[in-house]
Amino acid sequence: MTVAAVLVAYAACVGVLGARMLGRARWTTRAPLLAIVTYLAAGWSVVAALGLAGLTLAVHATALGGGLSHLTGACEHRLRATYGTPGGATVAGLGLALAGAVAARTVLTAVTHLRRTGQQALRHAQTARLVGRPEPALGAVLVEHSQPAAYCVAGRHPTVILTTGAVQALDPGQLDAVLAHERAHLSGHHHRLLALARIGRQVLPFLPLMRDAEEHVARLVELHADDAATRARDPRSLATALVVLATAASPAPTLGAGATDSVQRIHRILGPARPLGRGRRQLLRATAAALALTPVLLALAPAVLALALGRLPAA
C-alpha cells in the first residue's frame, strides 16, 4: 500500500509541477532535442507510475526481487494473505483494475492513433505523388500551387512536398535551407516524438504535463529542425524563407517549415543564444534518465531492501 501511494504521489507531483517547471524553463530553446526527451521521459514516467501503483497493490513488491521460483511462491503467499484479510480482496481488485485500465487505455490509444495517422500520411503522400511530379534535384515532390508552402509527410513513404509558389518565391539559398529543415524532420523521426506526446495526452488528459507536452514538443521539433538546417547554412536564408512561408498552413499530419511560432523562431535564428555547456547538458540528461527510471526504482525498492536484509519470502 505504501509503495502504491508513493507512486501515485510521484505521478501527481510530476504531472502537475513538471508542467510548470518545464514550461518556465529557459534552457529548452537552447537544447530542443534534450527538452523533448525530458518532456517525454517525464510524461511517460507518470503513465508507468500509475500502472505500477496498481500492480504493487495486487502483488507485493518484494515478490519481484527474486527468481521465478521466488516470484511464484511470493505471489501465491501474497494472494492468500491478501484475500484472507478483510478488505484485502477489494484492494487487490482495485490495484488490478488500475493497472489494467492504464495498460488497456495506453495500448488502445497508441494503436488507434498510429493507425489513423499512418493511413492519413500514406494517403497524403500518395496523393501528392499523383498530382505532383518528383524533382530529384530537390529531393521533393513539386505540386502546382500558387501559395508558397513546404512540408514533409513521414510514414511508409517519407516525402518532402514543395509547391511551385515556394520555388518562385524563394531564392536558391532560401530553398536549400527550407529543404534541409524538412529533411531534418524526417531524419530526426520527429513524427514519432510528436506521436508519443499526443498519445500521452490522450491517455491522461487531466494532467497538465500531458496536456502541455504535445504543444511544447511540436514547437521544439521545429526548433531542432531549424538548428539542423542552419548548421552549415546562412541563418538569414532560413529566417527570410520563414517570413515567406509563415502565411501558408501545413495540412495535418505534416510538419512544415513555416509552422509554429514563426516570429519567435525568426528571432532565435537571427540571434541564437549560447549553447548549453557540457556540464549542464550532462546534468539534464541524467535528470531525464532519472525521470524515466524512478517509477521502476520506487516499485522495486522494497524488493531490493528485502534482498539486502535477507528477508525475501521463500517459495
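**Exercise 1. Is Leu130 buried or exposed?**

Solution. Leu130 belongs to helix α4 (residues 88-131). Helices are DSSP runs of H or I with at least four residues, strands are runs of E with at least two, and both are numbered from the N terminus. Leu130 has a relative accessibility of 73%, so the residue counts as exposed. The scale: buried is under 20% relative accessible area, exposed is over 50%, and partly exposed is in between, with a 1.4 Å probe and protein chains only. Next, take a distance. Leu130 and Val143 are 13 residues apart along the chain, and their C-alpha atoms are separated by 9.4 Å.

A note on the source. This is a predicted model, in which local features need pLDDT of at least 70 and side-chain atom pairs count only at pLDDT 80 or more, while totals for chains, interfaces and linings use all residues. Residues are numbered from 1 along each chain as its sequence is written, and side-chain values use heavy atoms, with hydrogens and water left out.

**Exercise 2. Describe how α9 packs with α10, and α6 with α8.**

Solution. Two numbers are needed: packed helices are described by the angle between their axes and the distance between the axes. Axes are lines fitted to C-alpha atoms, for helices over the stretch in contact, and angles run from 0 to 180 degrees between N-to-C directions.

Step 1. Helix α9 (residues 235-245) packs with helix α10 (residues 262-270) at about 165°, their axes being 9 Å apart. That angle makes α9 roughly antiparallel to α10. The classes: under 35 degrees is roughly parallel, over 145 roughly antiparallel, 65 to 115 roughly perpendicular, and the rest oblique.

Step 2. α9 and α10 cross in a left-handed sense. Left-handed means that the near helix is turned anticlockwise from the far one by less than a right angle; right-handed means clockwise.

Step 3. The axes of α6 and α8 cross at roughly 125° and come within 8 Å. α6 and α8 are therefore oblique to each other. Their crossing is right-handed.

**Exercise 3. Which residues pair with Arg265 through salt bridges?**

Solution. Side chains of opposite charge can pair when their charged atoms come close. The cut-off: a side-chain nitrogen of Lys or Arg within 4 Å of a carboxyl oxygen of Asp or Glu. The count by this rule is nine salt bridges.

Step 1. Glu222 pairs with Arg265, with 3.8 Å between the closest N and O atoms. Glu222 is in helix α8 and Arg265 in helix α10, so this bridge ties together parts 43 residues apart in sequence.

Step 2. Asp226 also pairs with Arg265, the closest N and O atoms being 2.9 Å apart. Asp226 is in helix α8 and Arg265 in helix α10, so here the parts tied together are 39 residues apart in sequence.

Step 3. Check burial. Glu222 has a relative accessible area of 2% and is buried. Arg265 is buried, at 2%. Asp226 is buried as well.

**Exercise 4. Which parts does the Arg198 to Glu214 bridge tie together?**

Solution. Start with the contact: the Arg198 and Glu214 side chains form a salt bridge of 3.0 Å, N to O. Arg198 sits in helix α7 (residues 190-203) and Glu214 in helix α8 (residues 208-230), so the bridge joins parts that are 16 residues apart in sequence. Arg198 is partly exposed, at 25% relative accessible area. Glu214 is buried, at 18%. Elsewhere, salt bridges link Arg133, Glu135 and Glu144 in a network.

**Exercise 5. What is the phi of His189, and where does His189 lie?**

Solution. Most residues other than glycine have a negative phi. His189 has a positive phi, near 50°. His189 lies in the loop between α6 (172-187) and α7. With 35% relative accessibility, His189 counts as partly exposed.
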